[in-house]
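This report describes the fold of one protein chain. Look at the structure below before reading on.

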Amino acid sequence: MRIYILIIVIIVVTFILTNHIVRNRGNIVTSQHLSEARKFIQENNLNNSICIFINYNLHSGKNRLAVWDLKHNTAIFVCPVAHGRGHRFTIKPQFSNEENSWLSSLGKGVVAERYVGSFGISYRLDGLESSNDNIRKRYIVLHGYFSVPSSPIFPLPSGLSKGCLMVSHKNMKKIDEILLQQKQVLFFSYYNNK
């Protein structure tokens with residue numbers, strides 16, 4: 001009898017995760033965001049070969065970071081990426097540009113200098129919009145971490161960060177190989193079509 005109750009609980013939890021938490025099951029990169037990124041790149045004289053998109057509309061257990069080839073209009077690499085957890089657990093992602101919020105920021109910015117720190121290979125980030133212009137000051141960086149899966153684990157969530165763009169160490173090495181060949185790369189984080 002207990003095993004049947006456990007199975008029912010698992011089915012109900014999976015249904016809730018599948019149908020209520022995940023609102024957008026679409027692609028990582030939408031045509032609207034691609035067009036907006038291209039315009040921003042041109043206006044700000046940024047790298048016009050690649051950029052990085054982070055679609056926070058997608059569940060954290062899915063691929064929602066894409067390194068995008070702008071010349072061939074296709075993803076070079078995709079992977080799960082964590083978002084900031086804030087100071088209390090919430091199912092729905094929240095975002096902030098405030099110090100000590102432990103939340104990720106939305107908007108466009110540039111991948112800055114590479115360094116090797118306590119999390120291994122990392123990249124500093126510079127926000128270029130009012131929604132993310134504090135990320136360097138907040139020490140929000142792109143780095144690898146053990147709690148983030150290398151491939152999708154949906155309906156399970158990936159680990160949560162204190163605001164950083166956190167991927168698996170394996171995926172960070174792949175992203176690093178790409179970024180070592182490129183400079184002034186745009187990153188664009190969005191949620192609910194922002």
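## Overall make-up

The model is predicted. The protein chain holds 3 helices and 8 strands. Read from the N terminus, these elements follow the order α-α-β-β-β-β-β-β-β-α-β.

Of the 194 residues in the protein chain, 46% are buried. The accessible surface is about 10500 Å², and carbon and sulfur atoms account for 55% of that surface.

The 8 strands form an open sheet with mixed pairing, in the order β3-β2-β1-β8-β4-β5-β6-β7. β3 and β7 are at the edges and have a single partner strand each, so one side of each has no neighbour in the sheet. From one strand to the next, the twist averages 25°.

Strands of a sheet pair through backbone hydrogen bonds, and the pairing is either parallel or antiparallel. β1 and β2 run antiparallel and are joined by 5 bridges. V67 stands opposite F77 in β3. The two strands β2 and β3 make a hairpin with 4 residues between them, and N73 in the turn has a positive phi of about 55°.

## Helices across the sheet

Helix α2, residues 31-44, lies across β1, β2, β4 and β8. The helix α2 runs at about 140° to β8.

Helix α3 lies across β1, β2, β3, β4, β5, β6, β7 and β8. Its angle to β3 is about 150°.

## The nonpolar cores

The largest nonpolar core has 25 residues, and I52, L65, I175 and L179 touch the most other members. The elements giving two or more residues to this core are β1, β2, β3, β5, β7, α3 and β8. Which element gives the most to this core? That element is α3, with 4 residues.

Leaving aside residues up to four places away in sequence, L65 touches I28, I52, F53, I54, F77, V78, C79, V81, V167 and I175. A second, separate core has 17 residues, including F40, L70, V110 and F188.

Note on methods:
Residues numbered from 1 in each chain as written. Predicted model: local features only at pLDDT ≥ 70, side-chain atom pairs only at ≥ 80, totals over all residues. Heavy atoms only, no water. Buried < 20%, exposed > 50% of the residue type's maximum accessible area, 1.4 Å probe, protein only. Areas by Shrake-Rupley, 256 points an atom, 1.4 Å probe, with all protein chains shown as cover. Core = buried A, V, L, I, M, F, W, Y, C linked by side-chain atoms within 4.5 Å. Contact = heavy atoms within 4.5 Å. Pairing = 2+ DSSP bridges. Axes fitted to C-alpha atoms, helices over the stretch in contact; angles between N-to-C directions.
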